[in-house]
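Subject: Structure handover

Hello,

Here is the structure I promised you. Please open it and keep it beside this email while you read.

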Amino acid sequence: MKKFIKEIVFFLIIGLVIGEIIARFFFLTPTIPESQIDRFGIQKYIPNQAGYWKGGLHKWQINEKGWPGKLPESFDNLVTIIGDSFIENFENPEECHQMDYLKKALAKYNYTEASRSGVSFIEALEISKQLDSLNPKVQLIYINETDFSESVLQIKRLPNITQMDLDNNLITYGKMKAPGLKKVLYSWKLAFYLYRRFQPSLAQIKPAKSNVKPNQSISDNFNHFEKLIGYARKNYNLEKIVIVLRPDTNKEFREFLKLHVLNVIQLDNSEDDNWSFEHDYHWTCYGHERASLQVVEYLKKL
Amino acid sequence: MLFNSLEFFIFLPIVFVIYWFVANKGIKLQNVFIVLASYVFYGWWDWRFLSLIAFSTVVDYSIGLILKNEKKDKTRKLLLWLSLLVNLGFLGFFKYYNFFADSFVEAFSFFGHQINGRSLNIILPVGISFYTFQTLSYTIDVYKRKLQPTSDFMAFAAFVCFFPQLVAGPIERATNLLPQFFKKRKFTHEKAIDGLRQVAWGLFKKIVIADNCAKYANLIFDGYQEYNTGTLILGAFFFAFQIYGDFSGYSDIAIGISRLFGFDLKQNFAFPYFSRDIAEFWRRWHISLSTWFRDYLYIPLGGSRGGTAMKVRNTFIIFVVSGFWHGANWTFIVWGALNALYFLPLLLTNKNRVNTNLVAEGKWLPSLKESFQIILTFVLTLIAWIFFRAKSVSMGFDYVIGIFSFKSLQKLTIDYEASILYLLLFFILIEWIGRQSKYAIERITILPRYFRWSFYFGLVILMFVFTGEQQQFIYFQF
């Protein structure tokens, strides 16, 4: 038994070293940027980082403000683009960001992005408040209805997401979930690869629990959303904010937003639904370009 | 729990350490631990169905004990029927109830009578076909006085639910596996290393070969109307290697893991795609099931001893039942019948036992005649696999017609990565070199250590780099 264990351990050590080399050489996992929480409670990335996407096909970078993508040459006549993983856009090369397509289509504005995966509506508003100092003409917030639900603590408590406690009119800022473990996992490429490769098998056997209870409709949360919008009206510059809804957004929800006189752009891919990757719901470069063209139509009218 | 999952990679070392270091005080304790571990393994999928395994265990254990002291043939027969009724009753209800209900309604509507059938929303318990046949082998052997029934309940329970082969075989005979639960298991370095080697090869077959072939097989079978002849042939080819890599891979992992715990299971696959005729193919494919049907169905029916009509009848029965065992769908019955049609000419001309030796024994390559025989046999199995994979019999026929109607040459083809063909070539080559062994890389031990280890690391790297989209083992559904 001793000999067996000795051989297994030896084999594993060599295997781990070779595996790590292979994982790094073939870019089996994307590099994940390190994040931090700033003094305002906003979770963003540590500035000036760079890394590769899976397969090493393209590089991403975090700018000096702590957001993915590059900064504009000038902050004059500015349009800000705030959002979640869709805007973060690590899956695509640098030139496929919304800001690049928008600049190409409507050069009179300058554009800057501020995004992080998992951003809730209330956190997006907090980011917009920070960006107000740049005196933007318009602030575009790319979200969908789940970002609204996740913003309300009374719907479901999510400690790692910034939420609004509607009962106490208080924002509870998201906390970083297991940052130490994540740091180890992201640096140890082989472990991260194995985690990503085998982790879905848990979900295959046991279906993931949905936030939405059976028979619960989005309209059940509208009273919460009304309170949330009421708070937003008092505390953020909603005049400048335009909500850009993804094509898959619930129709009822869209009507609800319009009813509450918020500026809304509903993206539409009904004639051409080829916006996403085959195995990933995020947009491809093509999807980003199509989305930007629809946003430009709105911006031109301003 | 899947063998190719994170949970299992955590589960196995824990069970291994407890089994050899904590539960090694005696056989009884080890058997209790095997039962516990196996129930956790199975319950991870759905704990509710553990009650079925437990019930079958209690019934067959009790019937075995009663049979031991029962002298009257009539009562003995009654007890055997009781075991058959309970075990096949569960199997019939969970696996075949909806099939019979729907077929009944369809048959009546065909003759112009509309009746209301009621389909039930039944979940098929994973591995029910496997453990049912395993426990049945015990009762039948005890009834036939080929096996002494055991009074050791824990040993029997461990035999029924032994986790490496519980959900997808090999279907072990009580005569082979049960006695191993009575003997003290001794850890040997060579056996454990050999087991791990077989596990590695099984994982390679599953993760690299089967899962990658599945990607293209699914694509082609799902849109078969759109594709041209060449692509349809490719689809059948990919499925043939998917099912072989998947199922023989599972068997290799199961046998390898059993060796880690000191058990020897029987070989389940013996390089079936190198068979020179269908009879040889069925001696090499899913051996534990083929021999089960041979011993408990074909021979009791009279086997090949009677006249031509009896031979034909028995052959059809065994193949059709074997097809039906795989699933409650007419496609499996057609698959079985097609294999019976392939097999009959050999049986009727007494040529079914011509190719019992190893193909091209002691040679690097097969002769021209052998090559032709191997290719012909493979093509025949390929056609049969189309029905096995098809969602309905009509789809199976349409697929085959699609292959043979060369009008469809203008139709679409698929884009596939050439690497899958290189991987298949590598796989076939290793299987061919190792065809005289119980599994392809068994004899790698004759090579120097640095070569062996480089080969193992190479396998692991291939598993990482060419890992396909994780698929459940096909045979879980049976």
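Start with A:Phe86. This residue is buried, because 22 other C-beta atoms lie within 10 Å of its own, and 20 or more is the cut-off. Keep in mind that the model is a predicted one.

**Around A:Phe86**

A:Phe86 sits in helix α2 of chain A. Leaving aside residues up to four places away in sequence, A:Phe86 touches A:Tyr142, A:His282 and A:Trp283.

Now look at A:Asn89. You will find A:Asn89 in the loop between α2 (85–88) and α3 (98–105) of chain A. Its phi is positive, about 60°, although A:Asn89 is not a glycine. Is A:Asn89 buried or exposed? A:Asn89 is buried, because it has 25 other C-beta atoms within 10 Å.

**A strand in chain A**

Next comes strand β5 of chain A, residues 78–83. Five of its six residues are buried, so the rest of the structure largely encloses this strand.

Which strands pair with β5(A)? One is strand β6 of chain A, residues 110–115. β5(A) and β6(A) run parallel and are joined by six bridges. In this pair, A:Ile81 stands opposite A:Glu113. Another is strand β7 of chain A, residues 138–143. β5(A) and β7(A) are also parallel, with five bridges. Here A:Gly83 stands opposite A:Tyr142.

**Two domains in chain B**

Move on to chain B. Domain 1 covers 6–185, and domain 2 covers 190–276 + 355–477. The centres of these two domains of chain B, taken over C-alpha atoms, are 29 Å apart. The contact takes 15 residues from domain 1 of chain B and 16 residues from domain 2 of chain B. On the domain 1 side of chain B, the touching residues are eight nonpolar, five polar and two charged.

**A helix in chain B**

Then find α13(B), residues 330–348. This helix has 19 residues. From its first C-alpha to its last, α13(B) reaches 26 Å, close to the 27 Å expected at 1.5 Å a residue.

Where is the kink in α13(B)? The kink lies at B:Tyr342, shortly before the proline B:Pro345, and is about 30°.

B:Tyr342 is also one of the buried residues of α13(B). Others in that list include B:Phe332, B:Trp335, B:Leu338 and B:Phe343. What covers the buried residues of α13(B) includes α10 (278–284), α12 (308–326), α14 and α15 (393–404) of chain B.

**After the helix**

B:Asn350 follows α13(B), and its phi is positive, near 55°. B:Ala360 lies in the loop between α13 (330–348) and α14 (368–389) of chain B. Phi of B:Ala360 is positive too, near 50°, and this residue is not a glycine. How many other C-beta atoms lie within 10 Å of B:Ala360? There are 17, so B:Ala360 is partly exposed.

Work through the sections in order, and check each one on the screen.

Best wishes

Notes
Residues numbered from 1 in each chain as written. Chains lettered and ligands numbered in written order. Predicted model: local features only at pLDDT ≥ 70, side-chain atom pairs only at ≥ 80, totals over all residues. Domains from an automatic or database assignment. Contact = placed C-beta atoms within 7 Å. Nonpolar A, V, L, I, M, F, W, Y, C, P; charged D, E, K, R; others polar. Helix = DSSP H or I, 4+ residues; strand = E, 2+ residues; numbered from the N terminus. Buried ≥ 20, exposed ≤ 12 C-beta atoms within 10 Å, placed from the backbone. Pairing = 2+ DSSP bridges. Expected span 1.5 Å × (residues − 1). Bend = angle between axes of the 7 residues up to and from the residue.
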